[in-house]
Amino acid sequence: MRAQRVVLSLVVMIVAGIAAAGSALSQEYRGTYEQQMACTPDVWRLCFDQIPDANRITACLRQKTPQLSDPCRAVFESNASAQQQPQAQVQAPPRGRAVQPPPRPRTDDDQ
């Protein structure tokens with residue numbers, strides 16, 4: 001029982017360290033605490049040899065998507081759809097007649 005607590009504490013520290021270092025070193029979104037906890041068992045099960053490199057862990061988990069647990073797979077699917085969504089929302093401005101500038105007032109020089 002004590003060994004499980006030590007391992008769990010170690011996992012939490014590694015995940016927190018990955019999140020802290022990852023956000024400082026990379027622009028990629030690392031997820032919320034809940035998302036990280038959803039994937040921690042999969043990291044230990046599938047990508048243990050990639051620890052502590054967060055980028056390699058992420059790549060490993062993406063490569064092994066079919067083997068991920070349902071909660072971790074949901075994290076990756078939600079992140080993928082969130083990254084695609086802003087691109088899908090970009091719309092071209094509506095096409096229509098060009099706006100004409102207002103006429104210039106007449107001056108004494110125009111006569």
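So, Arg73 and Asp70: their side chains meet in a salt bridge, 3.1 Å from N to O. Keep in mind that this is a predicted model. Both residues sit in helix α4, which covers residues 70-89, and being three residues apart they're separated by about one helical turn. Why does that spacing work? Well, an α-helix has 3.6 residues a turn, so residues three or four places apart point the same way. And side chains of opposite charge can pair when their charged atoms come close.

How many salt bridges does a search of the whole structure find? Two. The other pair I want to show is Arg45 with Asp42, with N to O at 2.6 Å. Here again it's three residues apart and about one helical turn, this time in helix α2, residues 33-46.

Are they buried or exposed? Asp70 is exposed, at 58% relative accessible area, whereas Asp42 is buried, at 2%.

Okay, over to helix α3, residues 54-63. The buried residues there are Ala54, Ile57, Thr58, Cys60 and Leu61. If you look down the axis of α3, those buried residues fall within an arc of 160°, so they line one face of the helix.

What caps the N-terminal end of α3? That's Asp53: one of its side-chain oxygens lies 3.1 Å from the backbone nitrogen of Asn55.

That's me done, happy to take questions.

Conventions: Residues numbered from 1 in each chain as written. Predicted model: local features only at pLDDT ≥ 70, side-chain atom pairs only at ≥ 80, totals over all residues. Heavy atoms only, no water. Buried < 20%, exposed > 50% of the residue type's maximum accessible area, 1.4 Å probe, protein only. Helix = DSSP H or I, 4+ residues; strand = E, 2+ residues; numbered from the N terminus. Arc of directions from axis to C-beta. Polar contact = N/O pair within 3.5 Å; in protein donor to acceptor, adjacent residues only side chain to side chain. Salt bridge = Lys/Arg side-chain N within 4 Å of Asp/Glu carboxyl O.
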